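Here is a short report on charged pairs and a nonpolar surface patch. Please read it alongside the model.

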Amino acid sequence: MPLEHALQLRGLFPDLGPWKTAPAHPVTLNRPFGMDALPLQLYNKAKKTPFHLNIMVVGETGLGKSTFMNTLFHTELKDSTLLKTPQDTKTVKVTPVSYDLEEDGVTLKLCVVDTPGFGDRVNRMADLEPITAYIDDQYNAYHAAEKSKGFRAAIHDTRIHVCLFFLAPTGHRLKELDIAALRVLSSKVNVIPVIAKADGLTLEEKAWFKQAILEDLAINEIPTYPTSFENDIEGLDELKKHIPFTIIGSTENVQVNGEKVRGREYHWGSVQVENPAHCDFVHLRELLMAHCLHDLVQLTHHHHYHTHRAGLLCGPDRPPSLLICDEEYDQHMENCKTTLYQDMTSKEEAMRQHFVQRVKETEQSLKKREEVLQQKREAMMKELEEQKRLLENTERELQALQIQTTVR
């Protein structure tokens, strides 16, 4: 009976080997039993858990960074930094300020990191050092917390999730300082370029300035979020069309068609902050809050922080290495294959050229030797002909003497 049972089930349950489990069999339910409520449980749990967002704002003084942050979060974020004139600014001071925002039971722990003094001095070479040092310090603090004994406890995340880089509305191309800053910051954090005080540009100037900025970013190979990172977030393709975002900041209300809206009043009319025809404020807010907040946090952890941590673990003398589980492994292997193929092709071409050169040199050497031998042969043939001619003359003289002797 056991043998018969084994023969009947033979092949139905193959040995999966170690560390493997049998595949699940799909079944059909006869009636619902409440599985549709499972996502709701995760939603309720996530709603009770506070969300974290650390924003760094970088830009020259006077571009309205504080006003824009107040406009973005619909509240008065108090600025604890004292206003300074550019002549009094000796260094960039990084000032993080934390806030707790709540809306419909959802809590957002917001940290706004301002960089007053950036770009205010004549010598701007050292303006990036305090900013990059602050970013690296937050990565180092998170790495130290991971190595501590309380790793299983929640780690207070102070890493920068997104950097809003404010560009002056010059209507021209990017400045050298902006290019240098964007190149450095984009390698450490998620950077979103924004054009500040867009109410000072016409529609044609906005379109031309955006295109010029995109060209400069492409020429200098500066990655920005979200265009330089692959993601499958729904509705993001439409938002990418507005990058770089043109923004207007205002906490005041103006009358438009009998309604109060946030904007600015001028003698020629009014500019509305949340009107897509006037600026891209609503698109930027939708990108940050409605679509990409979680993706920004995940990208910071899995890409920028892991890159920084890999540098710490490898050290200065250890060559970089990748594992199969790393995000960059496939691309790294493709690059290695391409580099190896190009290297082997170049070596093969060099060997072929070397072989051809050696063949040519050997042919020339053999040709010269052949010419020398031919000359020797011709000389020997001439000498042989001369000896033959002398021998014939001697033979004729001998015959003549014999004839004379016979006659006598």
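The report covers the basis, then salt bridges, then the patch.

## Basis

This is a predicted model: local features need pLDDT of at least 70, side-chain atom pairs count only at pLDDT 80 or more, and totals for chains, interfaces and linings use all residues. Residues are numbered from 1 along each chain as its sequence is written, and side-chain values use heavy atoms, without hydrogens and water.

## Salt bridges across the sequence

The count is 14 salt bridges (a side-chain nitrogen of Lys or Arg within 4 Å of a carboxyl oxygen of Asp or Glu). One of them joins Glu 60 to Lys 175, with the closest N and O atoms 3.1 Å apart. Glu 60 sits in the loop between strand E1 (51–58) and helix H3 (65–72), and Lys 175 in the loop between strand E4 (162–167) and helix H5 (176–185), so the pair ties together parts 115 residues apart in sequence. Helices (H or I, at least four residues) and strands (E, at least two) are DSSP runs, numbered from the N terminus. Glu 60 is buried at 15% relative accessibility; Lys 175 is partly exposed at 32%. Buried means under 20% relative accessible area, exposed over 50%, partly exposed in between (1.4 Å probe, protein chains only).

## A bridge within a helix

Glu 386 and Arg 389 form a salt bridge at 2.2 Å, N to O. Both lie in helix H10 (residues 329–407), three residues apart, about one turn of the helix.

## Nonpolar patch

Leu 29, Phe 33, Met 35 and Leu 38 make a nonpolar surface patch of about 430 Å². Patch residues have over 30% relative accessible area and no salt bridge; like charges are joined within 9 Å, nonpolar side chains (Val, Leu, Ile, Met, Phe, Trp, Tyr) within 5 Å. Areas come from the Shrake-Rupley method with a 1.4 Å probe; for residues, only the protein chains shown count as cover. Phe 33 is exposed, at 59% relative accessibility.
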